[in-house]
Amino acid sequence: MGKVIKKTRKINKIDKTIDIAGKKTIIEHMNEWEKRGKVSKTPFADLSKKLKVRFNFAPKAICDYWWNILDPRIDHSPFSQEEKNYIYEWIGRYKEMNDGIIPWTNLQSEISNLGKFRSRNDLKNIWNAKKRQLEVKNSALENFDNGDELKYGTINVENVIEDKGIQSIFNSFSTIYNDG
């Protein structure tokens, strides 16, 4: 018997565990970072060290928290249909010309030209919701084109009646139907 390996999923609990002072520290540090001309290449690692006294967050957790929640430029209002259409068209054009991972940071900077700065996670969520809708729609169309919908609703009545041991009832129904 092999060794059992438990996989644990790390959940970013920074939003639930950080206090107002910690949020303020992150915002101040990032404002300083931008004012200094982004000299440090690792602002989130620096922040992790700075916050380690009170909190023990990984630099990646702080990075995600900043770019998706704390950044003051982010607009958390609902997406307009124009923004959604822009996202769908942009990703469609990107996928035609490239194969691979979608650069969400590029989309984030381009969609900000419409007037609102959106988080990368929000952009991903809008696209993934649309992608699921398209997959369900395509799946339903494929089943319809293949005639699969008939397979699910068809029951061979004669075999069901024989299995239940009431063949004589079926025979009398067919006699009445054929005589009438």
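The largest nonpolar core in this predicted model has 15 residues, and Ile18, Ile26, Met30, Phe44, Leu47, Ile62 and Trp66 are the ones that touch the most other members. Helix 2, helix 3 (43-51) and helix 4 each give two or more residues to this core, with helix 4 making the largest share at 5 residues. Apart from it sits another core, this one of 12 residues, including Trp90, Ile102, Leu107 and Ile111. As background, nonpolar side chains in soluble globular proteins tend to be buried together.

**The chain as a whole**
- The chain has 180 residues, and 25% of them count as buried.
- Take the contacts between residues at least 6 apart in sequence: 53% of them join residues at least 24 apart.

**A closer look at Phe44**
- Which residues does Phe44 touch, once you skip those up to four places away in sequence? They are Met30, Pro59, Ile62, Cys63, Trp66 and Trp67.
- Three of these names, Met30, Ile62 and Trp66, also turn up in the list of core residues that touch the most other members.

**Helix 6 and its buried side**
- Helix 6 covers residues 104-111, and its buried residues include Trp104, Leu107, Gln108 and Ile111.
- Those four cover an arc of only 105 degrees around the axis, so they end up on the same side of helix 6.
- Leu107 and Ile111 are also among the residues of the 12-residue core.

**Asn68, a buried residue in helix 4**
- Asn68 belongs to helix 4, which runs over residues 59-70.
- Is Asn68 buried or exposed? Asn68 counts as buried because its relative accessibility is 12%, and the cut-off for buried is under 20%.
- A polar atom of the Asn68 side chain lies 3.1 Å from the backbone nitrogen of Asn121.
- Leaving out neighbours within four places in sequence, Asn68 is in contact with Ile74, His76, Ser119, Arg120 and Asn121.

**Lys24, an exposed residue in helix 2**
- Lys24 is found in helix 2, residues 20-35.
- Its relative accessible area is 52%, which means Lys24 is exposed, given that the cut-off is over 50%.
- Lys24 and Leu70 are 46 residues apart along the chain, and their C-alpha atoms are separated by 9.5 Å.

Notes. Residues are numbered from 1 along each chain as its sequence is written. This is a predicted model: local features need pLDDT of at least 70, side-chain atom pairs count only at pLDDT 80 or more; totals for chains, interfaces and linings use all residues. Side-chain values use heavy atoms; hydrogens and water are left out. Buried means under 20% relative accessible area, exposed over 50%, partly exposed in between (1.4 Å probe, protein chains only). A polar contact is a pair of N or O atoms within 3.5 Å; within protein, one must be able to donate a hydrogen and the other to accept it, and residues adjacent in sequence count only if both atoms are side-chain atoms. Contact means heavy atoms within 4.5 Å. The arc is that of the directions from the helix axis to the C-beta atoms. A nonpolar core is a set of buried Ala, Val, Leu, Ile, Met, Phe, Trp, Tyr and Cys residues joined through side-chain atoms within 4.5 Å.
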